[in-house]
Amino acid sequence: MATAAKNALIVGASRGLGLGLADTFLKRGWRVTATQRTPSPELAALVSEALTVETVDIDDDAAVAALHGRLESQTYDLVFVVAGVATRAHDPLHAVPRAVAAQVYLTNAISPIRFAEAFRDRLAPGGSLALMTSILGSVALNDEGGWENYRASKAALNTLARSFEIRHRDANVSVLLVHPGWVRTEMGGPEADLDVATSVAGMADVIEARLGRPGCAYVDYRGTTLDW
Ligand SMILES: NC(=O)c1ccc[n+]([C@@H]2O[C@H](COP(=O)([O-])OP(=O)(O)OC[C@H]3O[C@@H](n4cnc5c(N)ncnc54)[C@H](OP(=O)(O)O)[C@@H]3O)[C@@H](O)[C@H]2O)c1
């Protein structure tokens, strides 16, 4: 008897890594609900009966609650919050206007955890919550400086994800903080090491291998555990 297809919710899939992840999981036979903020022609081009496209801004609590309501009948083997921003990443923190710095922190650290909390009841038994972090979020591995506010936002995401996992440990929650490598997207730029296909294939392998494993792991797209 054929097993049922796994079900993923990929948040922030209009372009870049989220779009690549949606495409990859569809090609691996998963059903995918992929979100955009505004209509994405690239996402619309992934024509598949297994794809559902939804719209949400993770900074908007009411929009997240409305999405939760629209997806009422669904449970997910994977909820992956990919969305993130790197506004004024090259400026030292003191040169970034307070409101801009705060917005990066809200989008990269606060909103993913609030989204995870809102959708925790939609994680299927044996499923995982994944959050797109960065190696730049590692305090221990910060030997080069730079990307100060972005780094701090991803370090905050890592800390909040650990606290989320501890808070829900009785439910054996599985949390994966995933670093995609340095990837050629709008955020990563043209000089980055990896193409999207290589990064997302690696991340999908890592997620499928670790799906449902209780605890909070910080890993890269090759499955290497990173120092906090
Ligand atoms: N590329 C790299 O080298 C690299 C390395 C480490 C970590 N990362 C992380 O990987 C993730 C994806 O990055 P990327 O390289 O694919 O960047 P990207 O090409 O700039 O894409 C960013 C994505 O996040 C979405 N997004 C931003 N703010 C959002 C919000 N408030 N609500 C919903 N969606 C929102 C964007 O949607 P719109 O199209 O609507 O703007 C877009 O889909 C980010 O979390 C980033 O920090 C990337």
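A salt bridge here is a side-chain nitrogen of Lys or Arg within 4 Å of a carboxyl oxygen of Asp or Glu. D91 and R88 meet that rule, with their closest N and O atoms 2.4 Å apart. The model is a predicted one. By the same rule, the count comes to 12 salt bridges.

Some salt bridges share partners. In this way R28, D205 and E208 are joined into one network. Within it, R28 forms a salt bridge with E208, and the closest N and O atoms lie 2.9 Å apart. This pair links distant parts of the chain, since its members are 180 residues apart. R28 sits in the loop between α1 (16-27) and β2 (31-36). E208 belongs to helix α6, residues 196-210. R28 is partly exposed because its relative accessibility is 30%. E208 is partly exposed because its relative accessibility is 34%.

Next comes R70, which forms a salt bridge with E54. Here the closest N and O atoms are 2.8 Å apart. This pair, too, links distant parts of the chain: R70 is in helix α3 (residues 61-70), E54 is in strand β3 (residues 51-55), and 16 residues separate them. Is each partner buried or exposed, or in between? R70 counts as partly exposed, because its relative accessibility is 45%. E54 has a relative accessible area of 14%, so E54 is buried. Side chains of opposite charge can pair when their charged atoms come close.

Now turn to the strands. Which strand is largely enclosed by the rest of the structure? Strand β4 (residues 76-81) is, because 6 of its 6 residues are buried. Look at its pairings. Strand β1 (residues 7-11) pairs with β4 in the parallel sense, over 4 bridges. V11 has V81 in β4 as its bridge partner. Strand β5 (residues 123-132) also runs parallel to β4, and 5 bridges join the two.

Which residues come nearest to it? Of the 29 residues around the ligand, they are S14, R37, Y150, V183 and T185. The shell divides into 12 nonpolar, 11 polar and 6 charged residues. Two helices, α1 and α5 (148-167), each supply at least two residues of this shell.

A polar side-chain atom of T185 lies 2.5 Å from an oxygen atom of the ligand. For G84, a backbone N or O atom is 3.4 Å from a ligand oxygen atom. For I58, a backbone N or O atom is 3.0 Å from a nitrogen atom of the ligand. How much of the ligand does the protein cover? On its own, the ligand has 900 Å² of accessible area, and the protein covers 93% of that.

Terms used:
Residues are numbered from 1 along each chain as its sequence is written. This is a predicted model: local features need pLDDT of at least 70, side-chain atom pairs count only at pLDDT 80 or more; totals for chains, interfaces and linings use all residues. Side-chain values use heavy atoms; hydrogens and water are left out. Buried means under 20% relative accessible area, exposed over 50%, partly exposed in between (1.4 Å probe, protein chains only). A residue is near a molecule or strand if one of its heavy atoms lies within 4 Å of it. A polar contact is a pair of N or O atoms within 3.5 Å; within protein, one must be able to donate a hydrogen and the other to accept it, and residues adjacent in sequence count only if both atoms are side-chain atoms. Accessible areas come from the Shrake-Rupley method with a 1.4 Å probe; for residues, only the protein chains shown count as cover. Ala, Val, Leu, Ile, Met, Phe, Trp, Tyr, Cys and Pro count as nonpolar, Asp, Glu, Lys and Arg as charged, and the others, Gly among them, as polar. Two strands pair if DSSP finds at least two bridges between them.
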